[in-house]
Amino acid sequence: MMLRTGYWRYAGRPGILRAGPHVLATLLMVAAALSCTAPSCMAETIGTGAIPILVYHRFDPVRRGPTTVTIAAFERQLDWLAAHRYRIVPLRQAVDILQDIAASDGPVAAITADDGHVSVYTQLYPIILRRHVPVTLFLYPSAISRASYALTWAQLAEMLRSGLVSVQSHTYWHPNFRVERARLAPDAYRTFIADQLARSKSVLAQHLAVPIDMLAWPFGIADPELCAAARRAGYRAAFGYGGGAARPGVDPMDIPRIPMSDISMPGAIAEHPPAARLTTRLTTTPERAAP
Ligand SMILES: [Zn+2]
């Protein structure tokens with residue numbers, strides 16, 4: 001059954017070393033896209049009019065893995081944005097600014113979290129409420145209220161009622177489209193794409209009664225065929241994984257995001273002032289597990 005097969009394939013293999021060569025290749029590509037290593041890279045990456053759209057996965061009081069950001073690190077990253085006068089806006093507003101539908105009176109940033117891990121509710125949500133920060137969650141609904149690590153529909157409904165959390169699509173079960181294209185005949189692959197894009201929209205909208213018109217590509221994999229399918233499915237914007245800050249005029253079906261990780265080397269951190277420290281982390285740290 002497609003749902004169970006795909007769902008468990010992703011859920012059971014979160015680590016890069018266990019994810020198989022196709023995922024490894026994807027992540028190496030992402031790492032290459034994020035190869036800026038100079039501390040001054042922030043200034044180059046986030047220029048005038050560019051919007052840093054940050055992407056997180058899991059949160060925890062202590063570091064537990066490469067895609068987990070500790071609460072302390074996350075708060076420091078928010079502090080850095082505030083200290084540099086970035087206003088955190090809802091993702092929809094960021095897209096409006098990128099598409100020249102809305103204006104911005106200063107630097108803005110947006111925060112997203114992919115995959116619907118339960119720590120979004122237990123760890124991130126209290127910070128969202130306390131600091132009044134808007135966050136968009138990209139979800140693959142096959143896992144919601146089913147997987148032990150995933151959010152529940154009730155938790156999502158509660159967070160949506162805050163007005164600070166919004167929900168969008170991360171396809172239906174988080175497939176690797178490169179793998180599926182190699183596995184399926186062309187007609188079957190096109191049907192598969194359409195189903196993943198449409199079913200995610202309909203299930204999320206049905207459970208949460210919100211419009212679903214934005215998409216995060218699983219593993220950051222996007223190509224012209226996928227982008228065209230996303231447009232046909234009614235998505236107004238789709239987001240990648242890596243590529244730096246988003247600039248006005250960007251392809252709305254492949255908007256870059258900045259993967260966020262934890263600060264894991266206290267010795268190295270102590271060598272840098274806070275702004276430089278966070279500047280480096282904001283622009284140079286690729287995720288090392290499946291995005
Ligand atoms: Zn993901």
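Q: Helices (H or I, at least four residues) and strands (E, at least two) are DSSP runs, numbered from the N terminus. With that in mind, where is the place of Phe219?

A: This is a predicted model, and in it Phe219 lies in the loop that connects β8 with α10.

Q: What is the phi of Phe219?

A: As a general idea, most residues other than glycine have a negative phi. Phe219 has a positive value, near 60 degrees, although the residue is not glycine. Ala209 is another such case, with a phi near 55 degrees, and its place is in the loop between α9 (186–208) and β8. Asp100, which follows α5, also has a positive phi, near 65 degrees.

Q: Is Phe219 buried or exposed?

A: A residue counts as buried if 20 or more other C-beta atoms lie within 10 Å of its own, and as exposed if there are 12 or fewer. Phe219 has 25 other C-beta atoms within 10 Å and is therefore buried, whereas Ala209 has 9 within that distance, so Ala209 is exposed. Arg232, in helix α10 (residues 224–232), counts as exposed because 12 C-beta neighbours lie inside 10 Å. Over the chain of 291 residues, 44% count as buried.

Q: Which residues of helix α5 are buried?

A: An α-helix has 3.6 residues a turn, so residues three or four places apart point the same way. In α5, which covers residues 91–98, the buried residues are Leu91, Arg92, Ala94, Val95 and Leu98.

Q: How many residues are in the largest nonpolar core?

A: The largest nonpolar core has 67 residues, and Ile53, Ala94 and Ala110 are among those with the most contacts inside it. Strand β5 gives the most to this core, with 5 residues. If the neighbours within four places in sequence are left aside, the contacts of Ile53 include Leu91, Ala94, Ala110 and Phe239. Across the chain, residues 24 or more positions apart account for 68% of the contacts with a separation of 6 or more.

Q: How many residues of β6 are buried?

A: In a regular strand the side chains alternate between the two faces of the sheet. For β6, 5 of the 5 residues are buried, so the strand is largely enclosed by the rest of the structure. Val135, Leu137 and Leu139 are buried on one side of β6, and Thr136 and Phe138 are buried on the other, so to speak of β6 is to speak of a strand with both faces covered. The strand β7 is mostly covered too, with 5 of its 5 residues buried.

Q: Which strands run parallel, joined by 4 bridges?

A: Those strands are β5 and β6, and in this pairing Ile111 stands opposite Val135 in β6. Between β5 and β6 the chain passes through helix α6 (residues 119–131), making a β-α-β crossover that is right-handed. The strands β6 and β7 also pair in the parallel sense, over 5 bridges, and here Thr136 stands opposite Ser166 in β7. The chain reaches β7 from β6 by way of helix α7 (residues 153–161), and this β-α-β crossover is likewise right-handed.

Q: What is the average pLDDT of the chain?

A: Where pLDDT is low, the predicted coordinates should not be read in detail. The average for this chain is 79, and 74% of the residues score at least 70. Over residues 1–45 the pLDDT is below 50, and this stretch has 58 contacts in the model beyond near neighbours in sequence. Residues 264–290 also have a pLDDT below 50, with 51 contacts in the model beyond near neighbours in sequence.

How values were computed: Residues are numbered from 1 along each chain as its sequence is written. This is a predicted model: local features need pLDDT of at least 70, side-chain atom pairs count only at pLDDT 80 or more; totals for chains, interfaces and linings use all residues. A nonpolar core is a set of buried Ala, Val, Leu, Ile, Met, Phe, Trp, Tyr and Cys residues joined through C-beta atoms within 7 Å. Two residues are in contact if their C-beta atoms, placed from the backbone, lie within 7 Å. Two strands pair if DSSP finds at least two bridges between them. A crossover is right-handed if, with the strands pointing away from the viewer, the path from the first strand over the helix to the second runs clockwise. pLDDT is the predictor's confidence in each residue, from 0 to 100.
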